[in-house]
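This report describes selected features of a single protein model. The sequence and structure are shown first, and the description follows.

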Amino acid sequence: MRALALAWICLASSAAAQTITAASYGAPTDRYPHAVLGDDIEYAQLDVTLSDGRQLSAFYEADLVFEDTAPRFWDVTGDGAPEVVTVESHETQGARLVIWGLEAGQLRQLAATPFIGTRFRWLAPVGAADMDGDGHIEIAYIDRPHLAKTLRIWRYKADDFVEIATLPGLTNHRIGEDFITGGLRDCGQGPELVVVDARWSRIMSVTLGKELSQTPIGPFAGRASVDAVLACQ
């Protein structure tokens, strides 16, 4: 196996504390032809813009790509400023979820889940929130939404990122779609994960207390029906 090569690019410098205000993928590549999102193009570079206009990038030279719809802004540390959450895939080990943030003014990986373990195996993020009121942020994704169809919940603490719960029989993506179905909502009773049952027949709400609990919300009738649920309609 070739060693992972990660090159860091700093396009400017600033000593002041900043926050990330924008993020996108660049350096398209076809070296990982999974096509789960509808084509063979993935990305080798993550670009972020800071609040002072400075731009930072992380570039994978080999083995890894960003296999994702778009970088997402989630406050994972709970400090009120967003981190960047990505899906990355290794040429032999499949996908993992990675949290990127700023450390000493540079873009760094703060935490990552293990790789799924097999080439062309993917995961689809759902959302991030303090789902059980313990003061720490939980991050949810569907592990292999076309095969395992398992919801996994990870809790983030400084220097600690651990899986705390799983729930099978759920999904949020169909092969070839360039979007992820569902997400996170709060209709006044706390955060809920909105996903779909494994047969794509019902929209499901999942909450976290002492354990995960799922409740059918209504029939799945395409993306618009899920968007209405996310909007608490």
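## Hairpin of β12 and β13

In this predicted model, strands β12 and β13 form a hairpin with two residues between the strands. Asp159 in this hairpin adopts a positive phi near 65 degrees. The two strands run antiparallel and are joined by eight bridges. One of the facing positions is Lys157, which stands opposite Asp160 in β13.

## Hairpin of β11 and β12

Strand β12 also takes part in a hairpin with β11, in which six residues lie between the strands. Within that turn, Arg144 has a positive phi of about 50 degrees. Strand β11 covers residues 137–143 and strand β12 covers residues 150–157; seven bridges connect them in an antiparallel arrangement.

Two facing positions illustrate the pairing. Ile139 has Trp154 of β12 as its bridge partner, and Ile142 stands opposite Leu151, also in β12.

How many residues of β12 are buried? Seven of its eight residues fall under 20% relative accessible area and are therefore buried, so β12 is largely enclosed by the rest of the structure.

## The disulfide

Across the whole structure, the search finds one disulfide. This bond joins Cys187 to Cys232, with an S to S distance of 2.0 Å. Cys187 is located in the loop between β15 (183–186) and β16 (191–197), while Cys232 lies in the segment after α1 (223–230); the pair therefore ties together parts that are 45 residues apart in sequence.

Is the disulfide left-handed or right-handed? The torsion about the S-S bond of Cys187 and Cys232 is about -95 degrees, so the disulfide is left-handed. As for accessibility, Cys187 has a relative value of 35% and counts as partly exposed. Cys232, at 37% relative accessibility, is likewise partly exposed. Both assignments follow because the partly exposed class lies between the 20% limit for buried and the 50% limit for exposed residues.

## The largest pocket

The largest pocket holds about 300 Å³ of space. Its lining consists of 20 residues, and those nearest the centre of the pocket are Glu83, Gly101, Leu102, Glu103 and Leu110. By class, the lining of this pocket comprises 10 nonpolar, five polar and five charged residues. Strand β8 (residues 94–103) supplies the largest share of the lining, namely three residues.

Leu102, one of the residues nearest the centre of the pocket, has its place in strand β8. With a relative accessible area of 28%, Leu102 is partly exposed. What separates Leu102 from Arg152 in sequence and in space? The two residues are 50 residues apart in sequence, and their C-alpha atoms are 26 Å apart in space.

How values were computed. Residues numbered from 1 in each chain as written. Predicted model: local features only at pLDDT ≥ 70, side-chain atom pairs only at ≥ 80, totals over all residues. Heavy atoms only, no water. Pairing = 2+ DSSP bridges. Helix = DSSP H or I, 4+ residues; strand = E, 2+ residues; numbered from the N terminus. 1 Å grid on protein atoms, 1.4 Å probe; cavity = no way out; pocket = protein on both sides within 12 Å on 5 of 7 lines; lining within 4 Å. Points joined across faces, edges and corners; volume = space filled by probe spheres on them. Nonpolar A, V, L, I, M, F, W, Y, C, P; charged D, E, K, R; others polar. Disulfide = S-S within 2.5 Å. Buried < 20%, exposed > 50% of the residue type's maximum accessible area, 1.4 Å probe, protein only.
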